Amino acid sequence: MKEMGNEGAADLFKSVTLIRFSGFILVSVVFFYLGKHFSDGSSQQLVFFSTHQNPDHNEITGPPSSVALSPNHNKVFNITSLINDPSPAQNNEKGEQKRIVAVSPPLHQSPTPVVKRMGVVDENGVMAEDFEVGEYDTEVVKNWGKANDTLDLESDGKGDKVRFRVNKFPLCPESMREYIPCLDNEEAIKKLKSTEKGENFERHCPEKGKEMNCLVPSPKGYKTPIPWPQSRDEVWFSNVPHARLAEDKGGQNWISINKDKFKFPGGGTQFIHGADQYLDQIEKMIPEIAFGHHTRVALDVGCGVASFGAYLLSRNVTTLSVAPKDVHENQIQFALERGVPAMVAAFATRRLLYPSQAFDLIHCSRCRINWTRDDGILLLEVNRLLRAGGYFAWAAQPVYKHEALLEEQWEEMVNLTSRLCWKLVKKEGYIAIWQKPLNNTCYLSRVEGTKPPLCDPDDDPDSVWYVDLKACITRLPEEGYGSNITTWPARLQNPPDRLQSIQIDAYISRNELFRAESRYWDEIIQSYVRALHWKEFRLRNVLDMRAGFGGFAAALIKNQLDCWVLNVVPVSGPNTLPVIYDRGLIGVMHDWCEAFDTYPRTYDLLHAAGLFSIEQKRCNISTIMLEMDRILRPGGRVYIRDSLTVMDELQEIATAMGWHVSIRDTSEGPHASYRILTADKRLLQA
């Protein structure tokens, strides 16, 4: 009996459950039907407000609005048209005005404005014919297609594939084979009011719309550059076919011509017996200089063919060699062809594009600069660039010759350096070496009114882009930033104290950001070396176009690739140059909307990570790509890591320039939002 009772209860439970489930299905169907019925707008609208209104003053009077049945309750009408085109008020049988309005906002709120339909799709998502185009820029339409970049839309059948098509770029005239756009702008240089202070050697970029729009050709007979370290001593004549420097400086052991090559014996005007012997002398004079340990980053001013920097490389010192494009106009081109870090720059009227406290040593050997002119404004720029406790080495005739005019120049130099609180550490033979103080103590203890004065506290010594020189002494940070770096090679991986002064939006520790960037690029370079055989490439001159903290360059050093990297910090981002120099690396500030200060065909590898997706908001992408082509050597390589949104355009422009292009997935796989564009430049001759 008990078992039968249990079975009956179970059957009852099953039948109740079935009934409930059936009821739930029925209710769901009913609600679905009602919802669909009302959403179609086909139901009769029953509830409306009735108001009493003064016909003369258009004001609501009398009792509050009452709820009533609509006289249109048996009619079907379009709610949208009712909202957008409200009907006028009507009189009822008693002469009262009754206005029919949909239940919505309170009566005292202003009526809903009429909404214009500005597209081909109506409010229900249906294609419509009665639409308005809206406002548009007539200039954009008028000039559409006039630029070299023509945008074609190609559908893959689904309407979601867009490709950029760019016209093939022509070759520039052969006269432009050494062209540097912002330094060879003759039209702008002719308009200068004065060139007395070297203004003609500074940047004067073409106006917008007049930028270079062609491919700079290589000289006839151009050959693949001789690899490093052989290139330190010889390069192909056909790659830099200019004999004037050899004719002018042949007797000073700078450079000579031997058949189809230029030879570099390693001498200079003040070190005709060779740079190695000269460097030994400097280190014996000041043992604390300690090349490759305490001194890691140097600046060679008026560098000639950069033999000073070339021979320092073997001592673990990276020297940035600078000189203007003057009568010896190809000296920087020779330096870069040799595989030595260099760029065109001039001490004239603007700050050089490097941060404060960048260089451990600044060297000037017969650099033909009047350091004492204009209250020492040029030496004050050296002071800004020189690291606290750093050294300035001057090899020039006033140091060692005993002629009246030269002795007067020496006295002026001694007087100026003493007012800068520099200490004359050693004077021997051709060379005099001064040391910059470690802090502001000496500056603050000078007699009141001593010139040059200290710069204003709000002066930013790291602001350099088109900033005029200032006849004042740059203050040293009270925190000791810049002077308290570690020695090489430890400083490459240690987060410097100056990292804390960088203006960046960071939610985590700056030190953690620094280390994370270093790990990120180290892993990537390891994969490049392993999978893409980077060590087999002839990489010597490398340009990182958006360097961050210099992690890419540091990873190349860690993975023992025998190259040097010029780290570019774009003006559109945070100024991380002080950190780059504190690591023992070199770099420069630049705006990629303008041309770079170097000769054509000077880099073996151009690396750009996340550059174009940022700069496309400010610059024409094809302008940047054409500049990359100008400074890239034939046979050189390009690696671009960037967003999918710019990859199609980059690929089309690169193809239009004649590059051999391929697109690769990142390590995140094919569904990542980033891709890698790799390209090789082919040899083009006029």
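Trainee: Is Cys-442 buried, partly exposed or exposed?
Mentor: Cys-442 is partly exposed, with a relative accessible area of 29%. Keep in mind that this is a predicted model.

Trainee: What is Cys-442 joined to?
Mentor: A disulfide links Cys-442 to Cys-421, and the S to S distance is 2.1 Å. In general, a disulfide is a covalent bond between the sulfur atoms of two cysteines.

Trainee: And Cys-421, buried or exposed?
Mentor: Cys-421 counts as buried, because its relative accessibility is 9% and the cut-off for buried is under 20%.

Trainee: Which hand does the disulfide of Cys-421 and Cys-442 have?
Mentor: The disulfide of Cys-421 and Cys-442 is left-handed, because the torsion about its S-S bond is about -85 degrees.

Trainee: Where do Cys-421 and Cys-442 sit in the chain?
Mentor: Cys-421 is in the loop between α11 (404-419) and β17 (423-428), while Cys-442 is in helix α12 (residues 441-444). The pair therefore ties together parts that are 21 residues apart in sequence.

Trainee: You mentioned β17. Which strand does β17 pair with?
Mentor: β17 is joined to strand β18 (residues 431-435) by five bridges, and the two run antiparallel. Leu-424, for one, has Trp-434 in β18 as its bridge partner.

Trainee: How many residues lie between the strands in that hairpin?
Mentor: Two residues lie between β17 and β18. In this hairpin Gly-429 has a positive phi, near 60 degrees.

Trainee: Back to cysteines. How many disulfides are there?
Mentor: The count comes to six disulfides. Counting bonded cysteines along the chain, the pattern is 1-4, 2-3, 5-6, 7-8, 9-10, 11-12.

Trainee: What does Cys-172 pair with?
Mentor: Cys-172 is joined by a disulfide to Cys-214, with 1.9 Å from S to S. This pair links distant parts of the chain, 42 residues apart. Cys-172 is in the loop between β8 (165-166) and α4 (186-190), and Cys-214 is in the loop between α4 and β9 (234-236).

Trainee: Are Cys-172 and Cys-214 buried or exposed, and what is the handedness of their link?
Mentor: Both Cys-172 and Cys-214 are buried. Their link is right-handed, with 100 degrees about the S-S bond.

Trainee: How far apart are the sulfur atoms of Cys-455 and Cys-472?
Mentor: The sulfur atoms of Cys-455 and Cys-472 are 2.0 Å apart, and the two form a disulfide. Cys-455 and Cys-472 each lie in the loop between α12 and α13 (510-531), so the pair ties together parts 17 residues apart in sequence. The link is right-handed, with 90 degrees about the S-S bond, and Cys-455 and Cys-472 are buried.

Trainee: New topic. How many residues does α13 have?
Mentor: α13 has 22 residues. From first C-alpha to last, α13 reaches 32 Å, close to the 32 Å expected at 1.5 Å a residue.

Trainee: What caps the N-terminal end of α13?
Mentor: Ser-509 does, with a side-chain oxygen 3.1 Å from the backbone nitrogen of Asn-511. After α13 comes His-533, which has a positive phi near 60 degrees.

Trainee: Which residues of α13 are buried?
Mentor: Among them are Phe-514, Trp-521, Ile-525 and Tyr-528.

Trainee: What do the buried residues of α13 pack against?
Mentor: They pack against α14 (551-558), α15 (577-582), β22 (603-609), β23 (632-643) and β25 (674-680).

Technical notes
Residues numbered from 1 in each chain as written. Predicted model: local features only at pLDDT ≥ 70, side-chain atom pairs only at ≥ 80, totals over all residues. Heavy atoms only, no water. Disulfide = S-S within 2.5 Å. Helix = DSSP H or I, 4+ residues; strand = E, 2+ residues; numbered from the N terminus. Buried < 20%, exposed > 50% of the residue type's maximum accessible area, 1.4 Å probe, protein only. Expected span 1.5 Å × (residues − 1). Contact = heavy atoms within 4.5 Å. Polar contact = N/O pair within 3.5 Å; in protein donor to acceptor, adjacent residues only side chain to side chain. Pairing = 2+ DSSP bridges.
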